[in-house]
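Look at the structure first, then read the points by topic.

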Amino acid sequence: MGRRAILGACLTAATILAVGVVALNPGNTLGQEATQAGPFVAPADVDTNALRGPRQPIFYRHDIHAGQYEMDCRYCHYTAEVSSEPGIPTISTCMGCHSIIGSGNPEVQKLRDASSEGRSIEWIRVHDLPDHTHFPHMIHVNAEVTCQECHGEVQEMVQVFQFAPLKMGWCLDCHIERGVTTDCTACHY
Amino acid sequence: MSDGFSRRKFLKVLGATGGGAVALSGCSGGAAEKLIPYLVPPEDQIPGKATWYASTCRECSAGCGLHVRTREGRAVKVEGNPNSPINQGKLCALGQSSLQGLYNPDRVRAPMERTASGQFQEISWDEAIARVASAITQQGGDRVWFLTGNEAGSFDALINEWLAALGSSGRVSFEPLGYEALRHANNEVFGLDTLPSYDLAAARFVISFGTDFLETWMNPVENARGFTEGHSFADGSMGRYVHVEPRLSMTAFLADEWIAPIPGTEGALALAMAQVVLGEGLGTAPRDARRLSETLAPFTPENASSVTGISADKITTLAREFASGPSVALAGGVGAQHGEAHSTAAAVNILNYVAGNVGQTVKFGPDLNASAGSYQELSDLVSSMNAGAVGVLFVHGSNPSYSAPGSGFAAALQNVNTKVSFSRFLDETAMYCDLILPDHDPLEQWNDYEPRAGAYALQQPVMRPVFDTRQTGDVVLSVAGSVGVARAGLAVATYKEYLQGRWQQLQRRLRDRRPFETFWLESLQAGGVWTDIPPARVSLAASAVNIAGTVWSAPTGGYTLVAYPSSTMLDGRGANRSWLQELPDPVSKVTWSSWVEMSPHTAETLDIAEGDIVRLESDHGSLEAPAFIYPGIRDDVVAVPMGQGHTEFGQYAKGVGANVSVLLDGAPTVFGGQSHYVAVNVSKTGAHERLAKASGQNRQMGRGMAQATTLAALVGEGHGDGEEEHRGEHAVPVPEHVQDVLDRWQEDQWEDTRHGNYAGEHPRWGLAIDLSKCTGCSACVTACQAENNIPTVGKEQVARGREMSWIRIERYFEDGHDGEPVEIRLLPMMCQHCGNAPCEPVCPVYATYHTPDGLNAQIYNRCIGTRYCSNNCPYKVRYFNFYDYPNSADPHFSWPEPLHWQLNPDVTVREKGVMEKCTFCVQRIRGAQHQARLEGREVQDGEIQTACQQTCPADAIVFGDLNDPNSRVSQRSHDERGYHVLGDLNTYPGVTYLKKVRNTVAS
């Protein structure tokens, strides 16, 4: 998907948000295959104490952005197709929408405060590989491995948690299944 | 930042890519770490991908072009800029280490002033500029002096303009490697006080008169490329190179012949050669050369023979060879700068002139800006200081207290009211100053430099400044504003504007009619603008005949000491970098120390063994250093490299070795330089130290590792083989019954070999190294250290044989017994990536194994540190982490903050108890494979360059796929000179060496 398509996804999301209508677009976007058939609606009330995964400085909800509004993962994780690193959205990316929408939401206010103070948000890392392991995101994304295969159904996660064990055996299972390299120096160097 | 850092922080150094773990996977633990995004996405950065910037290396006067690799806003590696005509994509060890200048932990981190108690105290930049302005106002503009190193470009112009605006004429330049003798000689013989450029690629016969043109002289990287192009064996022919110097320097390693005349007399040899060339009507002498006939008449080979100690026949032969084709004679090296060095250089000028080389291989016109000012200028400054004429002294890029102790500079500083240093380090000169206004590192600066006439190289900041430093140009402009002299050209807000103003003028001069913005951006992208200036017509000056009056003689009494510039630290500017300290000297292989080179005969006479501390005493000073016994030096000469013995400067330099400059005569010579020859007494102190040498053996013991052959053998009948020449020197004949066993074993091994090598569709990565090109400069060693996050381990660990460098240059002596000439063999040695690797079967945990593409892999996370692999490796190329080098709590901590900013995020930092070795830069292989895959194509030959190959100034190393018959590496590997080191062990190495070729007989 090119940049235009990503922008398209964003505009759709923004437009829909602006008129307060739930997204109806049934089409799956590449790299983000929704599992259920009908439109996903993020739960309005959640018991935050019961959530898995680390508590982040801002209660950012992937289920609303990626699930309900079907924003493409790569709109925010903008380098996943070209780089080893998937990229963490810059504050200005968030503010692209949130300078207009989300007023009154205390979590959005935290973002706006950070932006106006020129401060970055220190997110807690959820998925991490040991330093002796190199994971090229771009190779996997371009081989049409969906984000969900390693990260789980993030578009339904109220708070992101580590879905897969990320152990070497787990990596290798997939590599063996797909008949791709199992050479140690594919990842370790 | 300063509160220590964990290994994991090393790797994922910054921001968007974040670093850290919630201890969910793998084997390392740790607290929750953060992902910190950018506020605004930088236009030119993609997290996880490198961004490259073009800039210019300012470590020496050569002005090589740089391509700086940055990751997430930090410079992590420098490479040569292929666009630059100076270095054409290559770099030397000092250039490679420029990142350790940028991230040096001893950098001055903020402006400082000296308090009444003598301590330095940090102040703000505003305060600092106010202090400077008030000192100038108080002392008066005409009492302001400015001392710089060699500058050629906008900064130089700015300083001159600034001083003129202040009403001062106190501009002094001092460059310790200043080539005063050569400039003086050029003036005397040709009436040109400049340094020409030399075209070594065009010369088929090179004769160097004590010129270390592959080490420090002019631009060594360009010289190395040109020289190897013109000299090394290719298509059945090669050039010839004769080196004339009392000492066999690194430059002379590739010499086909080394001639060691009586020290100080090499000029007589040059004159006698010129006499023969002119007398016999050889060469293509310009018409006015006849004027020299009379002057040269007394310099017959016979007369010169008695002066130099070289036979008359030899001199005649050399002269005839010299005139028989394109040739060049080189002079003016600092290591041979004796009191009459200007006459030597003049004699060599005459030799080049009568042979018709001037305008061909010696080109005036595209002059080099390799030096500015002189030692004489410094000496005059000292006199002015002592006379009380200097009120405010600014020092930038020069450290005379260290490099010229005999000049009295340090003492004279007391007579200066305000001393302001722009030094990035608290060096020996800065320590005496009142104000320290730290300059940006060259990699943080906007600037330009003109390495030679017509070549305009640009510097741009490759990252934000590491510390609270400020570019000197900006400081000078602020001061101009404060003291009210910011008129005309100085009325700009920043130095960058000043620079752009100059480039607008340049664009007009070049008649470039595009918008300036286009010109500027394109120049920045290319690293500069390169124009060709044709060689000027040169004729003899009337003073050329003055050479007749020269008395050729050596210093008398005792031994002659030669103080030569270190090939890696030069005059000492590189001393505070752990990479360079740990880089074995190309000649002695000594690290972290000074040493005294002396011949085996001298050592025997004085009853000195290697490592014995000897005392050298001259009329001017004394020093003590361990002895290194070297068959490549005359019996009446001892030599000590410059660059060590710092008393300040930083943690890596301070207190290491001895400063040889204290032995030298402080009085300027007639040519305005300093004599680097001095008579010394050599005595034994009785103390001894184990030299931290990174070499086990000086001789090959008949193992035939570094092989050589001769041109005659290659092109003549019968193809002689250098292997036999050295194999068998000490080899024991194998009994018949053993031979049978060996044969069968070999057959079995062959079966394994094919298994191990995964013959088939995969590539097999390999290297081909041409020993007829390798100069021994060791740039590859530092490049590898930089690319692969290799720690430095310190003197004591090197002495124990625990150095970590993945590639080493083995240096062997051949012959040289009892006065016969010694030959040097070089062998860059790294993991051979054996197809049948002895290390692999002995690893109990499969941490080392063979990859399908022919790499001998080392998997750090599997390694449990048994070291069996290392014990079983015949090449000794596996290195063990005896200590936790990346851990700040470990006494052997290798990357004090902010040095670790340089670490390559693509390479794992190894911890204690892990074996490591050359990977063929597997991160570059995988990176190129990934890129090719994204673009839907195959990896092209030449697309992957290992770090050693990329920097090699001589282009001696080629990397590629051995399974592709058309690849450059395959073709080189099938050269008739190709051989495998210890190939008879049936290791089936992936590295093929091409024998060195010596042109021993005049061709």
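Two strands pair if DSSP finds at least two bridges between them. Strands (E, at least two residues) and helices (H or I, at least four) are DSSP runs, numbered from the N terminus. By these terms, Trp765(B) stands opposite Asp961(B) in E35(B).

This is a predicted model, in which local features need pLDDT of at least 70 and side-chain atom pairs count only at pLDDT 80 or more, while totals for chains, interfaces and linings use all residues. Residues are numbered from 1 along each chain as its sequence is written, and chains are lettered from A and ligands numbered from 1 in the order in which they are written.

**Sheets of chain B**

- Strands E35-E28-E37-E36 of chain B, in that order, form an open sheet of 4 strands with mixed pairing.
- Its edge strands are E35 (957-961) and E36 (978-979), each of which pairs on one side only.
- E28(B), residues 765-770, runs antiparallel to E35(B), and 5 bridges join them.
- Another open sheet has 3 strands in the order E2-E3-E4 of chain B, with antiparallel pairing.
- Here the edges are E2 (50-56) and E4 (74-80).
- The twist averages 30° from one strand to the next.
- E3(B), residues 65-71, pairs with E4(B) over 6 bridges in the antiparallel sense.
- Within that pair, Val68(B) stands opposite Val78(B) in E4(B).

**Domains of chain B**

- Chain B is divided into domain 1 (7-102), domain 2 (112-171 + 374-393 + 407-527), domain 3 (180-368), domain 4 (563-663 + 677-688) and domain 5 (708-998); the bounds come from an automatic or database domain assignment.
- The centres of domain 2 and domain 3 of chain B, taken over C-alpha atoms, are 38 Å apart.
- In chain B, 6 residues of domain 2 are in contact with 7 residues of domain 3 (contact: C-beta atoms, placed from the backbone, lie within 7 Å).
- The domain 2 side of this contact has 3 nonpolar, 2 polar and 1 charged residues.
- Ala, Val, Leu, Ile, Met, Phe, Trp, Tyr, Cys and Pro count as nonpolar, Asp, Glu, Lys and Arg as charged, and the others, Gly among them, as polar.

**Helix packing in chain B**

- H4(B), residues 125-139, packs on H16(B), residues 472-482, at an angle of about 55° with axes 9 Å apart.
- Axes are lines fitted to C-alpha atoms, for helices over the stretch in contact, and angles run from 0 to 180 degrees between N-to-C directions.
- H4(B) and H16(B) are therefore oblique to each other (under 35 degrees is roughly parallel, over 145 roughly antiparallel, 65 to 115 roughly perpendicular, the rest oblique).
- Residues making the contact include Ile129(B) and Ile136(B) of H4(B) and Val475(B) of H16(B).
- This contact divides into 7 nonpolar, 2 polar and no charged residues.
- H8(B), residues 266-279, and H11(B), residues 312-323, pack at about 65° with axes 8 Å apart.
- Among the contact residues are Leu269(B) of H8(B) and Phe322(B) of H11(B).
- The H8(B) contact with H11(B) has 10 nonpolar, 1 polar and no charged residues.

**Contact between the chains**

- 44 residues of chain B are in contact with 39 residues of chain A.
- H28(B) supplies the largest share of the chain B side, 6 residues.
- That side divides into 24 nonpolar, 13 polar and 7 charged residues.
- Strand E1 of chain A (residues 123-124) and E1(B) pair in the antiparallel sense over 2 bridges.
- The bridge partner of Ile124(A) in E1(B) is Lys34(B).

Notes
Two residues are in contact if their C-beta atoms, placed from the backbone, lie within 7 Å.
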